[in-house]
Amino acid sequence: MAEVKKCMWCYSEKLDEATKRKDGSGILKCQSCGLTMLSSVPENLDSLYGEESYFNPVKKVDTGYDQNYDLMTPLSLLWQVSIVDQLTISKEKKTFFEVGCATGNLLELTQEFIPNLTAYGIDVSKYSVAVCKEKGLEVSLAGIEEYTPKRKFDIIFSSETMEHLTDLKVFMEKVKKSMSNAGTFVFFVPCLRSNKKINREEDVFSHPEHLIFFTSEFFKKELSKFFGVPTNIYQINTDFGSSIVGIVSFDEKSISKLKVVMESILKNELPSSVDNQTLTNLAIIASKFSKFELAERSLASFKDKDSKVIFAEGVIACHKGEIHKAKEKFLESFGGGLIDYVKLKILYNLNSELINIYEKRLLRQEAGSKRVDGSTKGVFAKLRGN
Ligand SMILES: [Zn+2]
């Protein structure tokens, strides 16, 4: 373990011990900027993320993600797709860059659901980048610190990555440099419930690889100054902890539709006069944060439900744990004969039996259309991993 002597954001050496984690590790608070961080950092971080262990279900270590990360995540990432969708509502072509893209689930989903988006990513894990390349994604093996992007990006996205850093300033400087003139940075991090009294029982302290513990106050004060534009910080408390969705943009107009959704979730109130796409995205994002009543209200206004609305109903049911209802909704949302690999993967994750039903249906459709080219069989074989 290496002792932390300087603040991970402002480099001040005035660090006070605020509390101790359950395992005895000290939690420091910077007197200058207010950032809270661990008092010592494991020295094997590079090998933890860099080797084939953190996301790899075969070569497991004690930390990282359990079960099959690649198969488990697509459904849980749909709310992030909705966030990006709210930023691309204008239908202009945009570039998307995910810092810490793991095995590329979000990149894959955004490309599947948002056609006018070109997605890129980086990750420090060799295993993850290899999986991304197998999926045909444009991903580089690098940490943002040493990465020199060939282009600037319209949307930069970072989810559950910043709490793993040892130098937040270097990270932010790179993000700022990589944003286009109208660029937007969206981040998602777990956070401390309160800035005032730090409770050592907080959920954020239960992950040994979390090094920085954020508060809304820190972001509001420090990021607005750093980017020179207002920072939109949405802290959402749920039963299982507290999270922050942060949005910083050089073009306030381009984030207005996303702000409508986030403000609606904070107030637990439907926005007045919004389009159907916004209502569907609101339902999906709200259900991620257990705001089920708001999510259901936002879909209740639809008279004619198209496949997207039915799909959103499935996502809500899933977040509620109503798996039977979720399955019905997902199955119903597949209207046409289009084989959609990503959606199928989500279904497969829910219940592999459902895949058998759907395969039969598609094979019947394929036979009926005289288009028996074996593509249906091929996709299902791939899903089952043979
Ligand atoms: Zn500081």
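**Strand pairing and helix packing in the predicted model**

In the hairpin formed by E2 and E3, five residues lie between the strands, and Gly24 adopts a positive phi near 95°. The structure is a predicted model, in which local features need pLDDT of at least 70 and side-chain atom pairs count only at pLDDT 80 or more, whereas totals for chains, interfaces and linings use all residues. Residue numbers start from 1 along each chain as its sequence is written. Helices (H or I, at least four residues) and strands (E, at least two) are DSSP runs numbered from the N terminus.

Strand E2 (residues 15-20) runs antiparallel to E3 and is joined to it by five bridges; strands count as paired if DSSP finds at least two bridges between them. Within this pairing, Thr19 stands opposite Ile27 of E3. E3 also pairs with strand E4 (residues 36-38), in the antiparallel sense over three bridges, and here Ile27 stands opposite Leu38 of E4. The hairpin of E3 and E4 has five residues between the strands, with Gly34 at a positive phi near 90°. Four of the five residues of E3 (residues 26-30) are buried, so the strand is largely enclosed by the rest of the structure. A residue is buried if 20 or more other C-beta atoms, placed from the backbone, lie within 10 Å of its own.

An open sheet of seven strands has the order E8-E7-E6-E9-E10-E13-E12, with mixed pairing. Strands E8 (138-141) and E12 (231-238) are at the edges and have a single partner strand each, so one side of each lacks a neighbour in the sheet. The twist from one strand to the next averages 15°. Strands E6 (residues 94-99) and E7 (residues 117-123) are parallel and share six bridges; Thr118 in E7 is the bridge partner of Thr95.

Helix H5 (residues 126-134) lies across E7 and E8, at about 160° to E8. Helix H8 lies across E12 and strand E13 (241-249), at about 35° to E12. Axes are lines fitted to C-alpha atoms, for helices over the stretch in contact, and angles between N-to-C directions run from 0 to 180 degrees.

H8 (residues 256-267) also packs with helix H9 (residues 276-288) at an angle of about 45°, the axes being 10 Å apart. The two helices are therefore oblique to each other, a class left after angles under 35 degrees (roughly parallel), over 145 (roughly antiparallel) and 65 to 115 (roughly perpendicular). Lys257, Val260, Val261, Ser264 and Ile265 of H8 meet Thr278, Asn281, Leu282, Ile285 and Ala286 of H9, contact requiring C-beta atoms, placed from the backbone, within 7 Å.

Terms used:
Two residues are in contact if their C-beta atoms, placed from the backbone, lie within 7 Å. A residue is buried if 20 or more other C-beta atoms lie within 10 Å of its own, exposed if 12 or fewer, and partly exposed in between; C-beta atoms are placed from the backbone.
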